[in-house]
Amino acid sequence: MSYTPTEMMTIAAARAIRNDDVCFVGIGMPSAACNLARLTHAPGVTLIYESGTIGTKPDVLPLSIGDGELCDTSVTTVSVPEMFRYWLQGGRISVGFLGAAQLDKFGNINTTVVGGDYHNPKVRLPGGGGAPEIATSCGEIFIVMKQTNRGFVENIDFITSLGHGKTGKEREELGVKTKGPSRLTTDLCIFETDPATKEFIVTSIHPGVTREQIQENTGWTVRFADQVIETPEPTAIELDALRALNERTAKAHAGK
Amino acid sequence: MAKFVSLKEAIAENVFDGNVIAMEGFTHLIPHAAAHEVIRQNKKDLTLIRMTPDLIYDQLIGMGCAKKIIFSWGGNPGVGSLRRLRDAYEKSWPHKLEIEEHSHAAMANAYEAGAAGLPCAIFRGYLGAQLEEVNPNIKRVECPFTGEKLAAIPSIQPDVAIIHAQKANKNGDVLIEGIVGVQKEAILAAKRAIVTVEEIVDDFDDVHINACVLPSWTVKSIAVVQGGAHPSYAMGYYERDNAFYKNWDPIASDRDAFLTWMKENVLEVGPEIFAQRVADKKKEK
């Protein structure tokens, strides 16, 4: 079965979700990966969206973080202050699943400004939303993002959400007890965090992708693990589930 | 006690130039019709607070009503940028816009602190996040018991809070169901509260005892506006108009297209138009 790089990325990201995870889900690619996991190998996963919906099982992917579908299919829906205080800050979430506009090798995320400085940016992005506290309050952070050397940079312009800081030691220095970014899935490969230096290292390369391609699309010097495996190709079950989900979603969001 | 009035009266009696206003609704129940009335009444120099400015503040900003916004995520959900917000902030069109930026956790805590009558919100936040370097309203306090350094920001206590809700009863109590966001906190934190509702029913006898009900005496003015959240949604009444959110992008990308749209769809019409906008999005109750 043939498949696109985006499909490979979504499926590879979904595979990291465990059946007993409680997952704080960002909109877009993270939401696609988390729901694919729920529809395939992790039917018991608890998906939480910051709009307050807990244990939601949407039939189509939401366009916004608060689509009615998320509330209709949830175990319970709580207020937004309760969501951030009791559930996130309270330490009840095992995985935070985030995307980024700009990312560095320590998993620090920028979704605020690109170019110039904060007060006079070249491009003003939407901002952090829930991410600054998701990044430090969830047990660990998975990131999913298309790999380009515009997005994967040596120095990000603004740290919206903390990864492992500028040196890899900042979490400890700030007294942050959670693990931080542990996995980064792209359309080319999977990075995991080196336990010693806290930098991302490539541990799995998607079929047909070369090491040169990975480096060309990364703004920092890429490190490869001693043992790099080839990412298993998408299975028919995974591809069928993803395509059916995307088809239902496109139909639901088209103009009515 | 809440007073039943027209939307025009509700805005005219409560919203004044220079006010600090929170129009809340987290994706769900966004009070679009009320914002359009604010635009028609040409209110100026407003400080607009909202976690997600969304299309509602994009429109108010583009029409020159806003002096400053306080927010935590300024995008068009699932679509991209808020073009009018960016044009105002980056190019001062139609005039300069100040921003004060926070995280969602910070704003949710600040609304809750406002409702609780506290001067500030304290939470475990902004760790290693650079907003703390650029926003002077983010400070640190030390827990007197453990020594932990926690984040503090001022509580939100607006002059006016405006929300849209499913229904009010004849007594003026207000019911919100579904994604309830920060609306209860915004109403209780504000000096004056305006609520638009889909309908008025006789009583809430069939409503669960723990439902999110704002007693009549916490609200100043109630106006019935069917469809008043469109293109947002009202659970049990009509669905979110996702196509509208997508179609907004090209309109908001161009100053003239934006002004033409606002003239035809806001300035030259009244709140009764909202019922038509949701007519084909109704769900069985």
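Author: B:Glu142 stands opposite B:Lys149 in β10(B). This is a predicted model, in which local features need pLDDT of at least 70, side-chain atom pairs count only at pLDDT 80 or more, and totals for chains, interfaces and linings use all residues. Residues are numbered from 1 along each chain as its sequence is written, while chains are lettered from A and ligands numbered from 1 in the order in which they are written.

Strand β10 of chain B covers residues 149–154 and is joined to β9(B) by 4 bridges, the two running antiparallel. Strands here are DSSP runs of E, at least two residues long, and helices are runs of H or I of at least four residues, both numbered from the N terminus. Two strands pair if DSSP finds at least two bridges between them.

The pair belongs to an open sheet of 3 strands in chain B, ordered β8-β10-β9, with antiparallel pairing. Its edge strands are β8 (120–123) and β9 (139–142) of chain B, each of which pairs on one side only. From one strand to the next, the twist averages 40°.

A helix also belongs in this picture. Helix α5 of chain B, residues 104–115, lies across β8 and β10 of chain B and runs at about 130° to β8(B). Angles run from 0 to 180 degrees between N-to-C directions, and axes are lines fitted to C-alpha atoms, for helices over the stretch in contact. Two residues are in contact if their C-beta atoms, placed from the backbone, lie within 7 Å.
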